[in-house]
Amino acid sequence: METFDSRLEEFLATTEIMEVVSRESASYATYFDSRKYLEAFYGAHLQTQEVAKEIKFVLSFLSKAFASGCIQGDNLIEIAAGPTIWHILSACENFKNIYLTDYSQNNLNEIELWLNEDKNAFDWSSYIKQACELEGGRSTPEEKAEKIREKASFLKCDVTQANPLHPLSLPQADCVIIASCLICVASTLEEFTAYLKNTVSLLKPGGYLVMTEYLRASKYIVGDKIFSVLSVEENVIKKAMADCGCVVEESQIFTICKSYGEVFDSEDVFCVKAKKM
Ligand SMILES: C[S@@+](CC[C@H](N)C(=O)[O-])C[C@H]1O[C@@H](n2cnc3c(N)ncnc32)[C@H](O)[C@@H]1O
């Protein structure tokens, strides 16, 4: 039977030099190629004009969460947005200020290109169109893009720090989004919970944590670099949330069916919305 490891072996045999990078966050500053990541994980729509099924699932979860009316306020922080803007597409309707953050300056530079409508920016138009359709067309794609450009700014963050925004500090936020970050940064479940605690410290009591995370993954590939990730189960994430004082209100799993091919070995994406007590 074909497994991820056999596909990876085949991939390695046909690729020039692959390097397994250390799991330290510094690897993301040095080796994470933002543009290659965007192309490998988010670029399929450029050919098809359609977003992938698992993306549609996550956008749909986010659209319902933010349409429910309970998650809104002044400030939204996305932790480890990477070079992307797609997790805030529905949230942008509900907040005055949006802070997109990441450890890597290169990722923030990609976000900046998009915010500035630079001609070299990654094209998120299919994602924006999809989010508008899921919301029943309350904004046009142009209106939504404009809203984000008006409200969003970008900042450095490090989830391993007690204050992930150090040396800055912001008023505690009404909502924090974190997607596909903690499995990349944590080497153990204890670290996973500790970094989640740091993240939750940015949230005010009564505020919402919205998380998407991949289950049972071990590694992913960006360009010629292999990044290791921590394998987690749904119950482990829920337990970490409870340990951080958050109560899960809604969660869903979507089975990806190997759609990331040889670049990623997770088959399930988990979305969860939790309230900080
Ligand atoms: C797999 S990417 C996910 C990016 C984006 N959230 C997404 O869903 O596509 C993991 C992200 O974690 C960021 N990261 C790595 N170490 C970090 C740290 N210590 N604190 C915050 N973010 C970190 C990386 O720069 C990278 O953008």
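Ala, Val, Leu, Ile, Met, Phe, Trp, Tyr, Cys and Pro count as nonpolar, Asp, Glu, Lys and Arg as charged, and the others, Gly among them, as polar. The exercises below concern a predicted model.

**Exercise 1. The ligand shell**

Task: State how many residues surround the ligand and name the closest. Then divide the shell into nonpolar, polar and charged residues.

Solution:
- Step 1. The ligand is surrounded by 20 residues.
- Step 2. Ser25, Tyr28, Ala80, Gly82 and Tyr103 are the closest.
- Step 3. By class, the shell holds 11 nonpolar, seven polar and two charged residues.

**Exercise 2. Lys273**

Task: Locate Lys273 in the secondary structure, decide whether Lys273 is buried or exposed, and list what Lys273 touches.

Solution:
- Step 1. Strand E10, residues 268–276, contains Lys273.
- Step 2. A residue counts as buried if 20 or more other C-beta atoms lie within 10 Å of its own.
- Step 3. Lys273 has 23 other C-beta atoms within 10 Å, so Lys273 is buried.
- Step 4. Leaving out residues up to four places away in sequence, Lys273 touches Ala65, Tyr208, Val210, Glu249 and Glu250.
- Step 5. Val248 is 25 residues from Lys273 along the chain, yet their C-alpha atoms are separated by 6.0 Å.

**Exercise 3. The nonpolar core**

Task: Give the number of residues in the largest nonpolar core and the residues with the most contacts inside it. Which helix supplies the largest share?

Solution:
- Step 1. The largest nonpolar core has 85 residues, and Cys175 and Val176 have the most contacts inside it.
- Step 2. Helix H5 (residues 53–67) supplies the largest share of this core, with seven residues.
- Step 3. Apart from neighbours within four places in sequence, Val176 is in contact with Ile77, Ile79, Thr199, Leu202, Leu203 and Leu209.

**Exercise 4. The annotated positions**

Task: Which residues does the UniProt annotation "binding site" cover? Why do they not all gather at one spot? Describe Tyr42 and Val159.

Solution:
- Step 1. According to the unreviewed UniProt entry, the annotation covers Tyr37, Tyr42, Asp102, Asn107, Asp158 and Val159.
- Step 2. These residues span 123 residues in sequence and their farthest two C-alpha atoms are 23.8 Å apart, so they do not all gather at one spot.
- Step 3. Tyr42 belongs to helix H3 (residues 34–42), and Tyr42 is buried because 21 other C-beta atoms lie within 10 Å.
- Step 4. Val159 sits in the loop between strand E4 (152–156) and strand E5 (173–179).
- Step 5. Val159 is also buried, with 24 other C-beta atoms within 10 Å.
- Step 6. Not counting residues up to four places away in sequence, Val159 touches several residues, including Ile79, Ala80, Cys181 and Thr199.

Note on methods. Residues numbered from 1 in each chain as written. Predicted model: local features only at pLDDT ≥ 70, side-chain atom pairs only at ≥ 80, totals over all residues. Helix = DSSP H or I, 4+ residues; strand = E, 2+ residues; numbered from the N terminus. Buried ≥ 20, exposed ≤ 12 C-beta atoms within 10 Å, placed from the backbone. Contact = placed C-beta atoms within 7 Å. Core = buried A, V, L, I, M, F, W, Y, C linked by C-beta atoms within 7 Å. Near = placed C-beta within 6 Å. UniProt positions renumbered as here; feature names shortened; annotations may be inferred.
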